[in-house]
Amino acid sequence: MRPQPLIAVSDVEKSSAWYCAVLGAVSAHGGPEYERLVVDDVLVMQLHSLAVDHHHGPFGDPSHPLGNGVAIWFEVDDLEAAAERARTLGATVQTDIHHNPNADHYELWLRDPDNYLVVLASHPSSR
């Protein structure tokens, strides 16, 4: 089984550019309503416009803030490089690189354009 997380966003193209820059991902779909982001040909996440419901109905309630109570973790091969991409982008850093003793890895906590908590994590016991 391979997870295929999908989050509702206010602006798919803006979020796509943000995640591509931070994760080193590329677009596998593109457009203002829906996006698939891949790293090394592996789907890592999907983005869907909050305003578009198509055949399946809406993904969220527009009266509630996006990102509230949701954290999205990505294990990255090079945390320092990912952190530099995030800083260059001007990403909001919530918690700078630190050791998480419970997971025995290093993490960088960011906020995406819709205020989702995005955690970039190293491999265990590495930085």
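Which residues form a negative surface patch? The patch is made up of Asp40, Asp41, Glu75, Asp77 and Asp78. Patch members have over 30% relative accessible area and no salt bridge, with like charges joined within 9 Å. Asp and Glu count as negative, and the charge is placed at CG of Asp or CD of Glu.

A word on the basis: this is a predicted model, in which local features need pLDDT of at least 70 and side-chain atom pairs count only at pLDDT 80 or more, while totals for chains, interfaces and linings use all residues. Residues are numbered from 1 along each chain as its sequence is written, and side-chain values use heavy atoms, leaving out hydrogens and water.

Let's start with Asp40, which sits in the loop between strand 3 (34–39) and strand 4 (42–49). Strands here are DSSP runs (E, at least two residues), numbered from the N terminus. Asp40 has a relative accessible area of 70% and is exposed; the classes are buried (under 20%), exposed (over 50%) and partly exposed in between, with a 1.4 Å probe and protein chains only.

Two strands pair if DSSP finds at least two bridges between them. Val26 has Val38 in strand 3 as its bridge partner.

Glu75, another patch member, stands opposite Ala121 in strand 8. All five residues of strand 8 (residues 117–121) are buried, so the strand is largely enclosed by the rest of the structure. Leu117, Val119 and Ala121 cover one side, with Val118 and Leu120 on the other. In a regular strand, side chains alternate between the two faces of the sheet.

Here are some of the strand pairings:

| Strands | Sense | Bridges |
|---|---|---|
| Strand 2 and strand 3 | antiparallel | two bridges |
| Strand 5 (residues 71–75) and strand 8 | parallel | five bridges |
| Strand 6 (residues 92–100) and strand 7 (residues 105–111) | antiparallel | six bridges |
| Strand 7 and strand 8 | antiparallel | five bridges |

Between strand 6 and strand 7, the hairpin has four residues, and Asp104 takes a positive phi near 55°.

Finally, the structure holds one salt bridge, meaning a side-chain nitrogen of Lys or Arg within 4 Å of a carboxyl oxygen of Asp or Glu. Arg87 and Asp96 form it, with their closest N and O atoms 2.4 Å apart. Arg87 is partly exposed at 37% relative accessibility, as is Asp96 at 40%.

Key
Patches are made of residues with over 30% relative accessible area and no salt bridge: like charges are joined within 9 Å, nonpolar side chains (Val, Leu, Ile, Met, Phe, Trp, Tyr) within 5 Å. Accessible areas come from the Shrake-Rupley method with a 1.4 Å probe; for residues, only the protein chains shown count as cover.
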